[in-house]
Amino acid sequence: MEFRVANPEWFWGLAVAAPAVLLALKLFSSMSLIRRWSAVVLRLVLFALLTLLLAGASSVQRTDRFAVIFVVDVSPSMDRPTSMLTGAGEIPDDVAGRRVLDVVKRAVDAASDRRGPDDLVGIVAFGEQTAAIVTPTRSRELDWTTALPLGEGTNIEGAIRLARAMLPPDAAGRLVLISDGVETSGDALAAARQTAGAVADGGAGRGTRG
């Protein structure tokens, strides 16, 4: 466990703690001794917490556990790149989406030997709607029976937010987005910016998570 401070200059505020105690004891002189010190201690605790908040204090926990969530676009707009990938003609939406997921599954299976015993893999599929196809699992064999989220639209933002929520709090995490980037609703860039800081706290590779 590590302790980090973003703005240590705020700790200079603690220099007023001693004068504040003396002033409080004088102001509360009409109180009983126990009540007087209780009031002083309570105010000191609140002042210390406020100082830590302004200083940007945070704890960072190191972990060897790693979680990757694949965020896979199975919307109708993906049928063309899927056709080019497989050399096939026009593919029905549901079949195209499953072929994209099958490519992801083969890639995950190929890299399974490099995964640690506690590493996790999950898959979020999205179109107009979003669904967790595979919740984070240590299993080497990925499988899903959930119906793919079909629809005419593409909501990348919703998929990113769901994937972020699926990252375990005790693991360093990464999101891998697979999409043609054609979104019809939501704001993918805004969701990515909000997610980047939280996921980056996981560190590069096996590292830390705040």
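I began with Ala-48, which counts as partly exposed because its relative accessibility is 30%, where partly exposed lies between buried, under 20% relative accessible area, and exposed, over 50% (1.4 Å probe, protein chains only). I then placed Ala-48 in helix H2, residues 33–55, with helices (H or I, at least four residues) and strands (E, at least two) taken as DSSP runs numbered from the N terminus. From Ala-48 I looked across to Phe-11, 37 residues apart in sequence, and found the two C-alpha atoms 9.1 Å apart in space.

I noted for the whole entry that this is a predicted model, in which local features need pLDDT of at least 70 and side-chain atom pairs count only at pLDDT 80 or more, while totals for chains, interfaces and linings use all residues. Residues are numbered from 1 along each chain as its sequence is written, and side-chain values use heavy atoms, with hydrogens and water left out.

Overall chain. I listed six helices and seven strands in the protein chain, and read their order from the N terminus as β-α-α-β-β-α-α-β-β-α-β-α-β. Of the 210 residues in the protein chain, 36% are buried. I also looked up the contacts (heavy atoms within 4.5 Å): among those with a separation of 6 or more, 69% are between residues 24 or more positions apart.

The sheet. I traced an open sheet of four strands in the order S5-S4-S3-S6, with mixed pairing; two strands pair if DSSP finds at least two bridges between them. Strand S5 (130–137) and strand S6 (172–178) are the edge strands, each pairing on one side only. Neighbouring strands of this sheet are turned against each other by 15 degrees on average, direction ignored, with axes as lines fitted to C-alpha atoms (for helices over the stretch in contact) and angles running from 0 to 180 degrees between N-to-C directions.

Pairing along S4. I followed strand S3 (residues 66–73) and strand S4 (residues 120–126), which run parallel and are joined by seven bridges. Ala-67 stands opposite Leu-120 in S4, and Asp-73 stands opposite Phe-126. On the S5 side, S4 and S5 run antiparallel with five bridges, and Phe-126 has Thr-130 as its bridge partner in S5. The hairpin that joins S4 to S5 passes through three residues.

Cover of S4. I checked burial next and found seven of the seven residues of S4 buried. Leu-120, Gly-122, Val-124 and Phe-126 lie on one side, Val-121, Ile-123 and Ala-125 on the other, and both faces are covered. I also saw that helix H5 (residues 156–166) lies across S3, S4, S5 and S6, running at about 25 degrees to S5.

The largest pocket. I worked on a 1 Å grid over the protein atoms alone, where a pocket is an open set of points at which a 1.4 Å probe fits, with protein on both sides within 12 Å along at least five of seven lines, and lining residues have an atom within 4 Å of a point. The largest pocket holds about 210 Å³ of space, the volume being that filled by probe spheres set on the points, joined across faces, edges and corners. It is lined by 13 residues, and the closest to its centre are Val-68, Phe-70, Ala-111, Arg-115 and Val-121. S3, helix H4 (93–110) and S4 each give two or more residues to the lining, with the largest share, four residues, from S3. I sorted the lining into nine nonpolar, no polar and four charged residues, counting Ala, Val, Leu, Ile, Met, Phe, Trp, Tyr, Cys and Pro as nonpolar, Asp, Glu, Lys and Arg as charged, and the others, Gly among them, as polar.
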